[in-house]
Amino acid sequence: MGLHKILKIVAFAVAIIGAIFALMIIAGDEGSAAGPAGNMLFVTYVVLGVIIALVLIFVIKGLFAGNIKKTLLTVGAFVAIALISYAMSSGTDLDLKPFTDKGQDITEATSKKVGAGLYTFYVLAFLAIASMAFSGVKKIFNK
């Protein structure tokens, strides 16, 4: 059985499951937690789980089918960017008193992790934009 046929069967099954979930959302009563909002959250969690499982399957399949050295180099670069971002973030640039007054458990460690995530996002976004710009400029000059 070819991959195309398997994907058609999976798409058909997902369409049926989607129709069932749509009926669950429509039929939910508004007064309870199992109403439309609760059903939408349930559908969201199921879809997220399916997507994560499919991504993991295809990533693992691609790892063994492709160049593992290049993949490990890319993962290593990502980890290096994340570690450098974590080292750059201080965690002390935020006044935590308003958060603790509201009863939220925000510490300097939490602030440092958030800062590291933001720095990582900024670096990766810059690299993505720069690679697209470089590709476009290269395409213009090669013609």
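Predicted model: local features only at pLDDT ≥ 70, side-chain atom pairs only at ≥ 80, totals over all residues.
Residues are numbered from 1 along each chain as its sequence is written, and side-chain values use heavy atoms, with hydrogens and water left out.

Q: How many helices does the chain have?
A: Helices are DSSP runs of H or I with at least four residues, and strands are runs of E with at least two, numbered from the N terminus. From that terminus on, the elements run α-α-α-α-α. There are zero strands, and the number of helices is five.

Q: What percentage of the residues in the chain is buried?
A: A residue is buried under 20% relative accessible area, exposed over 50% and partly exposed in between, with a 1.4 Å probe and protein chains only. The chain has 143 residues, and the buried share of them is 11%.

Q: Which helix supplies the largest share of the lining of the largest pocket?
A: A pocket is an open set of points on a 1 Å grid over the protein atoms alone, where a 1.4 Å probe fits, with protein on both sides within 12 Å along at least five of seven lines; lining residues have an atom within 4 Å of a point. Val-14, Ile-17, Gly-18, Phe-21, Val-46, Val-47 and Val-50 line the largest pocket. The largest share, four residues, comes from H1.

Q: What distance does helix H5 reach from its first C-alpha to its last?
A: Helix H5 covers residues 108-142, 35 residues in number. The expected span is 1.5 Å times one less than the number of residues.

Q: Which helix is included in what covers the buried residues of H5?
A: The buried residues in H5 are Ser-111, Lys-112, Gly-115, Ala-116 and Thr-120. Their cover includes helix H3 (68-88).

Q: Which residues is Glu-108 in contact with, leaving aside its neighbours within four places in sequence?
A: Glu-108 is found in helix H5 and is partly exposed, with a relative accessible area of 47%. Ser-90 is 18 residues away in sequence and 8.3 Å away in space, C-alpha to C-alpha. Contact means heavy atoms within 4.5 Å. With those sequence neighbours left aside, the contacts of Glu-108 are Gly-91, Thr-92 and Leu-96.
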